[in-house]
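Work through the exercises below with the structure open beside you. Try each task before reading its solution.

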Amino acid sequence: MEALDWTVMLATLLGIAGYGIWKTRHVNSAQSYMLGDRDLKWWSIGLSIMATQASAITFLSTPGQAYEDGMGFVQFYFGLPLAMIILSVFVIPNYYRLNVYTAYEFLETRFGLPTRVLTASLFLLQRGFAAGLTILAPSIVLSQIMGWPLNWTIFFMGIIVIIYTVSGGTKAVSVTQTQQMVVILLGLVLASVLIILNLPKEFTFGETLTVAGKMGKLNVLDFKFDLSNRYNFWSGMLGGTFLFLSYFGTDQSQVSRYLSGKSLTESRLGLMFNGLLKIPMQFVILFVGALVFVFYQFNPAPAHFNRANVEQIQRSSYAPAYAGLETQLQQVQSQRQEAIREMIAAERSGDVQASGAAQTRVLALQGEDKQLRADIRELIARNDKEANTKDTDYVFITYVLNFMPIGVVGLLLAMIFSAAWSSTSSELNALSTTTVVDIYRRIFVKKASDRHYLHMSKWFTVLWGGVALTFAVVAQQFENLIQAVNIIGSLFYGVILGVFLTAFFLKRVGGRAAFIGALIAEACVIAIFVMGENQFGFIFLGKLVVVKIAYLWLNLIGCVLVMGLSFLMQTARVSRVVK
Amino acid sequence: MTTNNDMTTAGEGPPVLGTWNKVYLFLLVFQAMLLLGFYWFMRSFS
């Protein structure tokens, strides 16, 4: 990385953090610290909501996902606009009416303290874990690709965000997020334009898209109903709606964003803003990945995108085997280039048959390419059993470092760090607020001065920051980082959402039934997930039935189970009393 | 801790389109158009 890149990156990041600290230097009450004086306008809320959701993983992993499997991941977000509408109609007005600090506070008015503490604890558990992952995931990628020491990367990734979040609370989060989101959007537009300009000049833009399409990278929609398929239209619309209802409606890191709004109208508009822009934004990020794929069809692509793994194997006894596979891969790539050129030439002349034949050849060579890459991954794993062989998270950053102009590299790295900080700051602030409001103030120190709660909020932010950093340092790597975050979320979100929906829509259900229903439902969701992951099953009519359900559906299952179980228990209880 | 009691909760219309229902409908129509666009995009280049 050049000096100019370092200057651009550090000036952008430290400038935003410094501005956040300076702007919020007068925050001196617990309410101001936790809810930020409730003065945000809709566009600021919208940007803040988007910035909270978009972590660094989004920008590292998502283009790589499109590079590998195509753009189908965009379907994951299809339920989001509907979730925004449902929240605007049913949920936010209730939060405003009760003037709550946290989402869980609302539950006590409906079900009593145990349910409030249970849901707040589930949130703390999963969000505390996710906060560590939010720091760890990009740190691993950046340290391996840049050659930075992992612990120092984690430290830099975490320490500045902890400082400004502790300093200004939710207000600092909002102030910095607005600017971070501007950097993110600017970086995204710039990256898209530069990638398009880098595409081979011998083809029109439409032809490069045809290459991506015919090689299966523009598969945005899949209408086939398949419970085990992670990303299709139905899992996005149904499972996704429940996931986003839960994430935006009950996860304090998001609830605190729109509760900082000046009024109900501003909060609702903030959600609408998110509903309008989120899918197009994800589409653009995935599209960038598809374009990088096309770029590498005409330029030498690394045999493996994780440089650290490559360097390690080149120093090992497997180096000759690796070199052999690399040479084979280069030959396949050059044959594929030729086949793609034939395919486009046939398209230009309108020769459908020749185009089809060339496409078949391209796809066969792509299959060979995939196989050779799988062989290389196997070689890496044989050399080092601990090595994370999945390299899709390294695709975009490798492209940026090798083909983006000086200065832009710094800006794009600032974009990745901004994304990491924007989500981490929200998470830390929400963890601290929930700990103080739902646990500390409610159970341990019920009556103390505003100053005391303000100080405790700051100390809990430091504590959660420490927990996240510690987790990031000691945690094991996950096979796919973005999926790990979503899977963890799906284990808890459905149940939390079920409790909230029961509170909103099943008026007859009392606190005891909701509490027990939530506990049983959580146990069932974890059991279903564990059974699917470990291929466990049960004997039904003499046959072994293995339950394998894609994780998005766990949101729906958890939610329905809580509502159904609590309703049944309440009904049984009432009928017993009547008898 | 202090509480904020001046939060507006009722009788607020959106600044555009007149009613909230129209805003929600706009969002749904926008998504439907987006999906149609995706479909066209996918079909055109594959």
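**Exercise 1.** In which helix of chain A is Val175(A) placed? Then classify Val175(A) as buried or exposed, and list its contacts beyond the neighbours within four places in sequence.

*Solution.* Bear in mind that this is a predicted model.
- Step 1. Find the helix. Val175(A) sits in α8 of chain A, residues 150–198.
- Step 2. Check the accessibility. The value for Val175(A) is 18%. Buried means under 20%, so Val175(A) counts as buried.
- Step 3. Look for contacts. With neighbours within four places set aside, Val175(A) touches Tyr19(A), Gly20(A), Lys23(A) and Thr24(A).
- Step 4. Take a distance. Val175(A) and Ala290(A) are 115 residues apart along the chain, and 33 Å separates their C-alpha atoms.

**Exercise 2.** Locate Asn555(A). Decide whether Asn555(A) is buried or exposed, and name the residues around it.

*Solution.* 
- Step 1. Asn555(A) belongs to helix α21 of chain A, which covers residues 552–578.
- Step 2. Its relative accessible area is 0%, so Asn555(A) is buried.
- Step 3. Skip the neighbours within four places in sequence. Asn555(A) is then in contact with Gly239(A), Phe242(A), Leu243(A), Gly489(A), Ser490(A), Tyr493(A) and Gly494(A).

**Exercise 3.** Describe the backbone angle phi and the setting of Asn99(A), then of Leu17(B).

*Solution.* 
- Step 1. Asn99(A) is not a glycine, yet its phi is positive, near 55°.
- Step 2. Asn99(A) lies in a loop of chain A, between α5 and α6 (103–111). Its relative accessibility is 16%, so Asn99(A) counts as buried.
- Step 3. Turn to chain B. Leu17(B), also a residue other than glycine, has a positive phi of about 65°.
- Step 4. Leu17(B) comes in the segment before α1 (20–44) of chain B. Its relative accessibility is 44%, so Leu17(B) is partly exposed.

**Exercise 4.** How much area is buried between chain A and chain B, and which helix of chain A gives the largest share of the side that touches chain B?

*Solution.* 
- Step 1. The buried area is about 3,200 Å². Carbon and sulfur atoms give 74% of that area.
- Step 2. Count residues. Chain A brings 43 residues to the contact and chain B brings 27 residues.
- Step 3. Look for polar links. Across the interface there are zero salt bridges. One residue pair, both at pLDDT 80 or more, is in polar contact.
- Step 4. Go through the helices of chain A. At least two residues each come from α2 (30–35), α5 (80–98), α9, α10, α12 (264–298) and α18 (450–474).
- Step 5. The largest share, eleven residues, is from α12(A).

**Exercise 5.** Which residues make the nonpolar surface patch of about 580 Å²? Place Phe223(A) in its chain.

*Solution.* 
- Step 1. The patch is made by Phe223(A), Phe225(A), Leu227(A), Trp234(A), Leu238(A) and Tyr39(B).
- Step 2. Phe223(A) is in the loop of chain A between α9 (205–214) and α10 (233–250).
- Step 3. With a relative accessible area of 41%, Phe223(A) is partly exposed.

Methods:
Residues are numbered from 1 along each chain as its sequence is written. Chains are lettered from A and ligands numbered from 1 in the order in which they are written. This is a predicted model: local features need pLDDT of at least 70, side-chain atom pairs count only at pLDDT 80 or more; totals for chains, interfaces and linings use all residues. Side-chain values use heavy atoms; hydrogens and water are left out. Patches are made of residues with over 30% relative accessible area and no salt bridge: like charges are joined within 9 Å, nonpolar side chains (Val, Leu, Ile, Met, Phe, Trp, Tyr) within 5 Å. Accessible areas come from the Shrake-Rupley method with a 1.4 Å probe; for residues, only the protein chains shown count as cover. A salt bridge is a side-chain nitrogen of Lys or Arg within 4 Å of a carboxyl oxygen of Asp or Glu. Helices (H or I, at least four residues) and strands (E, at least two) are DSSP runs, numbered from the N terminus. Buried means under 20% relative accessible area, exposed over 50%, partly exposed in between (1.4 Å probe, protein chains only). Contact means heavy atoms within 4.5 Å. Buried area is the accessible area (1.4 Å probe) that two parts lose on being put together, summed over both. A polar contact is a pair of N or O atoms within 3.5 Å; within protein, one must be able to donate a hydrogen and the other to accept it, and residues adjacent in sequence count only if both atoms are side-chain atoms.
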